[in-house]
Amino acid sequence: AIGQWIPVQKLSGWRHIAFSLAPGPIADEMARFDIDTIVANGGQGLPKLKRFTSKLRNEIEDLSPAIIHVHNPAAQFYTAWNTRKNNSPWKIVRTVHADTSLEMKNSLSAAGRLFWKNAARWAMKRTQGIICIHEHVRASLDKSLRDNAQVIPNGLNPELIENSTAKLPGDLEDWLNNSKNNTRLEHRGEKQPPMVLAIGRFVEIKRYDWLIRSWAASEARKFARLVLLGDGVLKDSLSNLIGELNL
């Protein structure tokens, strides 16, 4: 999506900057699309407590953005917190990927979850634009926020995928057809089972552990197979979980 939209927007006169509160892989990812990236505090990043101070507000003011587009409750809250003090001219836009409770880290304490739940609600009321990736996500918002929310579906259109008869790329088709399940079935001359394919990064917020545990407890595992396609820091732990659940 970034690779397609941002070049078009640049031609229209927009300038895009990725502003990161801490060092990490964002700069490398943005460099692929020729997008400038600035890491706060001269590249050192800002500790969480420092994000409530004027230091972050001054850095944002120096950038003078027209729009600040955020994708998670924490970035939205820090931005709204530092906007409220000076009647800033920029607008805050938030893309909401799921119910806020699902976007919170599992490691938060009860007090932490309570704080971020209220902080997210506070920040939403101070956000000028809300984008939801699905109508179900919009319905999960507080009623007072739904009129201000627009649904822009994710980049993949499931109807086109479900109804497609196009041939898969050769390497992907070979990989799917050579999986252990299919090989055993082919030897017995049985029909291949239906497949659920989940594609994405193996990181905490994607909650692949929930998907795996749900699959282990479902009737679907008796007549279909689940394939996870991706990579990431949780790859080994997810593989271990699959083994523990005998999947």
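Tyr 78 contacts Leu 21, Lys 48, Arg 51, Phe 52, Leu 56 and Trp 116, leaving aside residues up to four places away in sequence. The model is predicted. In it, Tyr 78 is buried, with a relative accessible area of 4%.

Tyr 78 also belongs to the largest nonpolar core, which has 17 residues. Leu 56, Phe 77, Tyr 78 and Trp 116 have the most contacts inside this core. At least two core residues come from each of α3 (54-63), β3 (67-70), α4 (73-83) and α6 (110-124). Helix α4 gives the largest share, four residues. A second, separate core has nine residues. Met 124, Ile 130, Cys 132 and Ala 149 are among them.

Aromatic rings form twelve pairs. One of these joins Phe 77 and Phe 115 in an edge-to-face arrangement. Their centres are 5.9 Å apart, with 85° between the planes. Phe 77 sits in helix α4 and Phe 115 in helix α6, so the pair ties together parts 38 residues apart in sequence. Phe 77 is buried at 5% relative accessibility. Phe 115 is partly exposed, at 41%.

The rings of Tyr 78 and Trp 116 form another pair. Their planes stand at 90° and their centres lie 6.1 Å apart; planes over 60 degrees apart count as edge-to-face, so this pair is edge-to-face. Tyr 78 in helix α4 and Trp 116 in helix α6 are likewise 38 residues apart, and their pair links distant parts of the chain. Trp 116 has a relative accessible area of 17% and is buried. A single aromatic cluster takes in Phe 52, Phe 77, Tyr 78, Trp 81, Phe 115, Trp 116 and Trp 122.

Four bridges join β4 (residues 91-96) and β5 (residues 129-132) in the parallel sense. Arg 94 has Ile 130 of β5 as its bridge partner.

Overall, the protein contains 13 helices and eight strands. Of its 247 residues, 28% are buried. Among contacts with a separation of 6 or more, 56% are between residues 24 or more positions apart. The accessible surface is about 16600 Å², and carbon and sulfur atoms account for 55% of it.

How values were computed:
Residues are numbered from 1 along each chain as its sequence is written. This is a predicted model: local features need pLDDT of at least 70, side-chain atom pairs count only at pLDDT 80 or more; totals for chains, interfaces and linings use all residues. Side-chain values use heavy atoms; hydrogens and water are left out. A nonpolar core is a set of buried Ala, Val, Leu, Ile, Met, Phe, Trp, Tyr and Cys residues joined through side-chain atoms within 4.5 Å. Buried means under 20% relative accessible area, exposed over 50%, partly exposed in between (1.4 Å probe, protein chains only). Contact means heavy atoms within 4.5 Å. Accessible areas come from the Shrake-Rupley method with a 1.4 Å probe; for residues, only the protein chains shown count as cover. Two strands pair if DSSP finds at least two bridges between them. Rings of Phe, Tyr and Trp (its six-membered ring) pair if their centres lie within 6.5 Å; planes under 30 degrees apart count as stacked, over 60 as edge-to-face and the rest as tilted.
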